[in-house]
Each structure stands twice: as structure tokens, then as C-alpha cells.
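This briefing is intended to be read alongside the sequence and the coordinates. Please keep both in view while working through the points.

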Amino acid sequence: MGVLVDGVWQDRWYDTKSTGGRFVRKQSQFRNWVTADGRAGPTGEGGFKAEPGRYHLYISRACPWAHRAAIFRTLKGLEDMISLSITHWLMGEEGWTFNEAPGTIPDTVNGARRLYEVFLKADPHYSGRATVPVLWDKQRATIVSNESAEIIRMFNSAFDGVGARTDIDFCPEDLRSEIDKINARIYDNVNNGVHRCGFASTQKAYAAAFEPLFTTLDDLEERLSKQRYLLGEHLTEADWRLFTTLVRFDPVYFGHFKCNLRRIADYSNLSNYVRDLFQVPGVAATVNMQHIKNHYYQSHTKINPSGIVPLGPQFDYSAPHDRDRFRNREDIPAYQ
């Protein structure tokens, strides 16, 4: 765990003293976009054209933000087009590393031993945390983006003209405003909400995150009692952004982050929904529970000083689900 300050690495935990005990996530700093023709995207500069073999993705299997990018890389058929490195699960005094362990893949592009070295290659004076995911441009030798929400939008459509799957669109234009609206609430209260609970350093800050987290989960449970996915019959980006938090909730966030009012297993619709998404072909291979549990319980020594990783709970995301009861049209994509 640490941060770069003008290009110098410092082993430093999150600062919550200056925010009254609240965890405040910093914005990602690399915000360029890969586009079909290389024109500039909504933020950043142009010059990043979608080309097979040009880009490299750095992820951690433990991180829910990086998990989004891994899912889109798989489901959009980009695995042979965008190469991959996977960090070790332990985020220690050197941050994310590429130390050898089951399930890791070394940095074959820049030869980095630590992820922060990749940030320094892009900007020798970089200040900020070295986070995953990172999308790297081999041609220009720089970081395109380290913002997961924008990387998955790139993966969804930018490569459609050069070999990506075009029969799947997780962010169709006619649903985009609805997707953005529900994404905003889920990000604030659920995706980031669990971390605001876990990293809070005062009772007041913890309670302020805890209450909207479970209010939102209760509302999502009700929403999913009437439809298969968050926006009805269409599996969208919003579902995958929620999934990577929900799949970690019972094994990690419930206990480790004190998000313990209810488990996802206690919600009938949410628990069936998680199993439904887990069973989409290709998704199960992106979930590495060993990396997930080892990371949280071993890396956050201020929360879990012993580093002991719980052996439970037992769960089976491959068990049958009931979400097929909403599938009543032949033209709904099966994502096979």
C-alpha cells in the first residue's frame, strides 16, 4: 500500500484524518480513450486508435475495478487482441507487484516488478496511487487510462471494427442515460460504499456509508424481483459494474469491511442474480476467490493485523438460479 509523490514511492495508508474519518477516493489521472479512428474521446487527447495487438491490460484478480475490465475483455472477444498482466494478490509496502504465484502473469511489455514502475514509465514525476486496471499503449509507450469505468466503455465498442464481438453491446445508445443514472447511485452507495465502510476511521463516517449501502441493496432487491437485469431484459454495463462488488460481498465485505447488516445470500433476488451473471460463459474464469480473499485480509493490516484469511463462508456461484423465469422472448441475447 503506498503512493507516488513526484515520482518517489512512499509506503502510506489512506489519509482519513483530513476528511473527518471518511474515505475519499481520488480520481484517476490518465483519462485518454481508445477510439475506432484514433480521434480524441470525451476526455484526454487523441492518437489512440483501436488496433489488434497494440494495447496491454494490467489487472489484479482481487480488485473489483480491474475485474470489470477483465470481464469486458473476455465477453467482447478481446483476449487475442489485448495482452494481459496479472499482479500478485498482496498489496504490501511496494503496492501491487508481479511476484510469482498461482494465477499471476508477469509484465511482458515493460518488464516491471512493481506496478508503480509502469506509472513512472508513463510519467517520471507522477504523483498519486498506482491503481489497476491500467490500459497501456505499446506503440506510444504510455498509459491510455487507469479509469475502469472508461476502459470498459472503450472495450464495449472501440474495437468492434477490428474483430471484437459485435453481437453484444453492453451500453446501447438508447439505454445510455438510464445506465449512467443507475451507475451513479450504485457507484456512490455500493461499489465505493463498501470501501467507505471498510476504510472509515470514525463511527460517524462508517454509519454515513453503511446506511445508504443497505438502503440501495434493498432497493435493488425490489427492482430485481420484477426483471432479470437492472434495466429489464437487457444485460448491460450497469450489471457488470454491480456484479464485481456483489461477488465479493459475502466472502469479504460482510466481515472484513463490517458491511454486516445482511449478506447477499439473505437477498433472494440479488443472490440469484449474482449466480446468473457468474454463469454467463467466460465470467467464472475471471473470478479468483483465492486472490480476492488473500488480498483483502492480508493487505489491509490496519484492519486485519493478524493477516489471517477466513476459511469461510462456503458458497457456490455455480448453483442453479431462478432468473430464467424472466426470459420470455426469443430475441434476447444469450451471450454464448
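The model is predicted. Its largest nonpolar core has 100 residues, and helix H7 (residues 237-256) supplies the largest share of this core, with 9 residues. Helix H1 (residues 64-75) is largely enclosed by the rest of the structure, because 12 of its 12 residues are buried.

**Nonpolar core**

- Within the largest nonpolar core, the residues with the most contacts are Phe 155, Phe 159 and Trp 240.
- Leaving aside residues up to four places away in sequence, Trp 240 touches Ile 71, Phe 72, Leu 75, Phe 170, Leu 235, Leu 277, Val 280 and Val 283.
- Ile 71, Phe 72 and Leu 75, which are among these partners of Trp 240, are listed with the buried residues of H1.

**Helix H1**

- The 12 residues of H1 should span 16 Å at 1.5 Å a residue, and the separation of 17 Å between its end C-alpha atoms agrees with this.
- The buried residues of H1 include the charged side chains Arg 68 and Arg 73, together with His 67 and Thr 74.
- Gly 77, with a positive phi near 70°, follows H1.

**Helix H9**

- Helix H9 (residues 289-299) is mostly covered, with 9 of its 11 residues buried.
- Met 289, His 291, Ile 292, Lys 293, Asn 294, His 295, Tyr 296, Tyr 297 and Ser 299 are the buried residues of H9.
- These buried residues pack against H1, helix H5 (193-199) and H7.

**Helix packing around H6**

- Helix H6 (residues 203-223) packs with helix H8 (residues 268-278) at an angle of about 75°, and their axes are 8 Å apart; H6 and H8 are therefore roughly perpendicular to each other.
- On the H6 side of this contact are Leu 217, Leu 220 and Glu 221, which meet Ser 268, Asn 269 and Leu 270 in H8. The residues of the contact comprise 3 nonpolar, 2 polar and 1 charged.
- Helix H4 (residues 176-191) packs with H6 at an angle of about 140°, with axes 8 Å apart; H4 and H6 are therefore oblique to each other.
- In the contact of H4 with H6, Ile 182, Arg 185, Ile 186, Asn 189 and Val 190 of H4 meet Pro 212, Leu 213, Thr 215, Thr 216, Leu 217, Asp 219, Leu 220 and Arg 223 of H6. This contact divides into 7 nonpolar, 3 polar and 3 charged residues.
- Leu 217 and Leu 220 of H6 take part in the contact with H8 and also in the contact with H4.

**Tyr 253, a buried residue**

- Tyr 253 lies in helix H7 and counts as buried because its relative accessibility is 0%, under the 20% limit.
- Apart from residues up to four places away in sequence, Tyr 253 touches Pro 64, Val 194, His 195, Thr 245, Arg 248, Lys 258, Cys 259 and Tyr 296.
- Although Tyr 253 and Val 194 are 59 residues apart along the chain, their C-alpha atoms are separated by 6.5 Å.

**Glu 93, an exposed residue**

- Glu 93 is located in the loop between strand S4 (82-86) and helix H2 (115-122).
- Its relative accessibility is 57%, over the 50% limit, so Glu 93 counts as exposed.
- Glu 93 touches Met 1, Trp 9 and Asp 11, not counting residues up to four places away in sequence.
- The C-alpha atoms of Glu 93 and Ala 62 are separated by 17 Å, and the two residues are 31 residues apart along the chain.

Note on methods. Residues numbered from 1 in each chain as written. Predicted model: local features only at pLDDT ≥ 70, side-chain atom pairs only at ≥ 80, totals over all residues. Heavy atoms only, no water. Core = buried A, V, L, I, M, F, W, Y, C linked by side-chain atoms within 4.5 Å. Buried < 20%, exposed > 50% of the residue type's maximum accessible area, 1.4 Å probe, protein only. Helix = DSSP H or I, 4+ residues; strand = E, 2+ residues; numbered from the N terminus. Contact = heavy atoms within 4.5 Å. Axes fitted to C-alpha atoms, helices over the stretch in contact; angles between N-to-C directions. Parallel < 35°, antiparallel > 145°, perpendicular 65-115°, else oblique. Expected span 1.5 Å × (residues − 1).
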